[in-house]
Amino acid sequence: MRTIRVIGRGAATAPADGVELTFTVCRICENTENAVAETDKRAAQLRAGLVAVGFSGEDLKTANFTVSAEYENEHVNGAYSRKFKGYACREGFKLAFPYESKRLAEAVSALTAGGAEEEFAVTFTVQDQDALKSEAVKNAFAEAKRRAEALAEASGERLGNIAEMSCNAKGNLREGTHVAETAAMALRSMPHIEPEDIRGTAEVEVVWELA
């Protein structure tokens, strides 16, 4: 059986309709109990601030949690040595919600109240990622078929049935990340944000029989 194998690539875009705020609270104390307690205290403050501007306390999710010994390099008599600072408790958080410029500003304001020092990132997303991936796959297949038809016509053949097909939808459909040096600085310099469209890509490999 004679066949023709073609690779097609396609892309699709959609307006960003979701946003994620991710940040880490870190407190260093002389013992693990105090480090955890201080971190939990700060997390409770942040959660209360978000509730005050209309979010649910359950909207703020813990993404990771670690407790570890913390050291710093100390220069003494021309030599460096490690000096124990204490125990660091780090708790990473994520807040995800449908994107609206005003809503984002409210969330950032709540998280930066009181001159907080937490660093955070803003990531724009597409909530229905499957739909965007499907559109990219359709465009990739259309390109593959156009190329196959052109090759078949050039060689005096016609396309028959599809014998094989594989697909790889690429991209995590998350773009436009803005990382602030400190949360307070982010609030002072935060302009009106118009996120770029989110782009998804796909690649298909199709084998056609030649009629």
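## Packing and aromatic contacts in a predicted model

Pro195 sits in the loop that runs between α4 (183-189) and β8 (198-210). The model is predicted. Pro195 is buried, and its relative accessible area is 15%. Setting aside residues up to four places away in sequence, Pro195 touches Ala16, Tyr99 and Phe124. Take Ala16 from that list: Pro195 and Ala16 are 179 residues apart in sequence, yet their C-alpha atoms are 6.6 Å apart in space.

### Aromatic pairs

Tyr99 and Phe124, both touched by Pro195, also pair with each other. How many aromatic pairs does the whole structure hold? A search finds 6. Two of them, Tyr71 with Phe84 and Tyr99 with Phe124, are set out here.

| Pair | Geometry | Centre to centre | Between the planes |
|---|---|---|---|
| Tyr71 and Phe84 | edge-to-face | 5.6 Å | 65° |
| Tyr99 and Phe124 | edge-to-face | 5.2 Å | 85° |

Where do Tyr71 and Phe84 lie? Tyr71 is in strand β3 (residues 60-76) and Phe84 is in strand β4 (residues 79-98), so this pair ties together parts that are 13 residues apart in sequence. Tyr71 is partly exposed, at a relative accessible area of 41%. Phe84 is partly exposed as well, at 38%.

The other pair also joins separate parts. Tyr99 belongs to the loop between β4 and α2, and Phe124 belongs to strand β5 (residues 120-125), so the pair ties together parts that are 25 residues apart in sequence. Are Tyr99 and Phe124 buried or exposed? Both are buried.

Together with Tyr87, they form one aromatic cluster.

### Charges over rings

Tyr71 also has a charge over its ring. The charged end of Arg82 sits there, 4.2 Å from the ring centre.

### Glu70 in strand β3

Glu70 is found in strand β3, the strand that holds Tyr71. Is Glu70 buried or exposed? Glu70 has a relative accessible area of 16%, so it is buried, the cut-off being under 20%. Neighbours within four places in sequence aside, Glu70 is in contact with Ile28, Lys83, Phe84, Lys85, Gly86, Ala88 and Arg90.

### Helices α1 and α2

Helix α1 (residues 32-52) packs with helix α2 (residues 101-112). The angle is about 145°, and the axes are 8 Å apart. The crossing of α1 past α2 is right-handed. Which residues meet? From α1 come Arg42, Leu46, Gly49 and Leu50. From α2 come Ala107, Ala110 and Leu111. The residues of this contact divide into 5 nonpolar, 1 polar and 1 charged.

Ala105 is also placed in helix α2. Its relative accessibility is 33%, and it counts as partly exposed. Ala105 and Ile193 are 88 residues apart in sequence, while their C-alpha atoms are 9.5 Å apart in space.

Definitions and conventions. Residues numbered from 1 in each chain as written. Predicted model: local features only at pLDDT ≥ 70, side-chain atom pairs only at ≥ 80, totals over all residues. Heavy atoms only, no water. Axes fitted to C-alpha atoms, helices over the stretch in contact; angles between N-to-C directions. Helix = DSSP H or I, 4+ residues; strand = E, 2+ residues; numbered from the N terminus. Left-handed = near helix turned anticlockwise from the far one by under 90°. Contact = heavy atoms within 4.5 Å. Nonpolar A, V, L, I, M, F, W, Y, C, P; charged D, E, K, R; others polar. Phe/Tyr/Trp six-rings, centres within 6.5 Å; stacked < 30°, edge-to-face > 60°. Buried < 20%, exposed > 50% of the residue type's maximum accessible area, 1.4 Å probe, protein only. Lys NZ or Arg CZ within 6 Å of the ring centre and 35° of its normal.
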